[in-house]
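Morning, everyone. I want to talk about how two parts of one protein chain meet. Have a look at the structure first.

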Amino acid sequence: MPDIAFVKPALPRSGALVLPVAEETEAAPGSLRAALEEASGGALSRALVAAKFTGRKGQSLTLWAPAGPQGPSKVVVLGLGKAADLTESGAENAGGAICPMVSAEREAVVAAEAMTPGQAAALGLGLTLRSYRFDRYRTTEKEEDKPKLERVAIAVADPAAAKAAWVPRAALAEGVFLSRDLVSEPPNVLYPEEMAERCKALEKYGVEVEILGLKEMKKLGFGALLGVAQGSAREPRMVLMHWRGASGPKGKKGATKPLAFIGKGVTFDTGGISIKPAGGMEDMKFDMAGAGAVIGLMAALAGRKAKVDVIGAVGLVENMPSGTAQRPGDVVKTYSGLTVEVINTDAEGRLVLADVIGYVQEKYDPRFMVDLATLTGAIIIALGHEHAGMFANDDQLAEQIAAAGKATGEACWRMPLGDAYDKQIKSDIADMKNVGGRPGGSITAAHFIQRFVKDRPWVHLDIAGTAWATKDHPIVPKGATGFGVRLLDRLVADNYEG
Ligand code: BES
Ligand code: MN
Ligand code: ZN
């Protein structure tokens, strides 16, 4: 993560200088642009004219060492579009666009004098999020291919105000990076016990972390989760993370009902005995992205000391075929007491969630529950990679999440629920079966989960299509996206703090 600083404008004597320029603006060009114009003997304005630069969004122009040896080695001019249309999310995207253009330099100065403190901080966030790389296992990468960027100085009129706007965003970026790291890790490294250990690291932010082991889970009666786990040589874990930002440590300031976020953490999904085809199976290391999002969210909320009480709960298992694996036809008993006929061992995520949801609901009596899961391939057929599927029993919570999705770019599209779909998971010998056939596969999966929700607002986010990107986006490089961390941080910030 590059170091982000907010400074008064001064022309850098080396590294990169970035000049974001708005379209059709009569405003003063800003002191850095004027200083470069002077130091380059007019080369900047000549280049802008020659390149027909108008400031249109996404337009860019590069000049190499235009001010000679005493000035920046690279100058990038970036079009922002119309100044009046620049939102914070637009500023994030501008920051994201800047990142690859300066990553070969050690330092960059970005001229953001015309921006509000919020926009300047948003630019810093976008740049940071785009700079993410998972390079822990590369040992032979050439020095010249590695990104060099260590420090970004964002030049603003009021550095203290921009810094204040940056502090919570820095915590958010940490949460997103943590989530992306977890999702990127290979499944031989990140198995349930290891993932639980990494949750422990949240104690440094003041999060209380409780890990339930095999014995405890057996005693508590998590028959559905344990059925999935029984084919693996790796023991399952359940982790309960508690951030008391409203009630204070140990709830001293009086109890408030916590919000609850619950994640599917299948560290590898082979399908079990209903085994998946070999092609592309390696992707199933990301089947813990729901849990990864919850863990990253807890880091972000605690890191920025959000004034709210929150539970983060994750069910961690590996779904493997073996002599001890569960069979199609098995009937398991969930924590809630409801029984499930396991028709397909590859529909394992809903079995894990059923027990986590049932337990969290009873133990913490949360104000609402939001679960995240890479639950169905069918949601990718329905919505592609552009929206997460959203299922809800409560219009207000659904609307709040949809609004947070629009604001952060982590878009959610509401899908229907209904009795006719629920009937598809009727079983002949148990309370329900774990699959409802191909029609409406994501919807019947949501209905399965809904059967474990009692009398409270609940939203299920199917993130199978949005947890991993196969190409670069403005603030999301190719790979693990961290989807859900920014979305739910925004949900909390806009509706449930103070
Ligand atoms: N983890 C998968 C869902 C998935 C598939 C996520 C592809 C990302 C990409 C889930 O456990 C699963 O296998 N679901 C089955 C359900 C089916 C057996 C009813 C599916 O979607 O095929
Ligand atoms: Mn599966
Ligand atoms: Zn799965």
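Predicted model: local features only at pLDDT ≥ 70, side-chain atom pairs only at ≥ 80, totals over all residues.

Who supplies the area on the domain 1 side? L129, R130 and Y132 give 47% of what domain 1 buries against domain 2.

Now, the layout. The domain assignment puts domain 1 at residues 3-159 of the protein chain. Domain 2 runs 171-495. Their centres, taken over C-alpha atoms, are 38 Å apart.

Next, the contacts. How many residues of each domain are involved? On the domain 1 side, 15 residues. They are in contact with 19 residues of domain 2.

Let's go to charges. There are three salt bridges between domain 1 and domain 2. Please find R136 and E185 on the screen. Their side chains form a salt bridge, at 2.3 Å from N to O.

Polar contacts come next. Six residue pairs make them across the interface of domain 1 and domain 2, with both residues at pLDDT 80 or more.

Which elements give two or more residues to the side of domain 1 that touches domain 2? Helix 3, residues 88-102, and helix 4, residues 117-130.

And what sort of residues sit on that side of domain 1? Six are nonpolar, six are polar and three are charged.

Terms used
Residues numbered from 1 in each chain as written. Chains lettered and ligands numbered in written order. Heavy atoms only, no water. Domains from an automatic or database assignment. Contact = heavy atoms within 4.5 Å. Buried area = accessible area lost by both parts, 1.4 Å probe. Salt bridge = Lys/Arg side-chain N within 4 Å of Asp/Glu carboxyl O. Polar contact = N/O pair within 3.5 Å; in protein donor to acceptor, adjacent residues only side chain to side chain. Helix = DSSP H or I, 4+ residues; strand = E, 2+ residues; numbered from the N terminus. Nonpolar A, V, L, I, M, F, W, Y, C, P; charged D, E, K, R; others polar.
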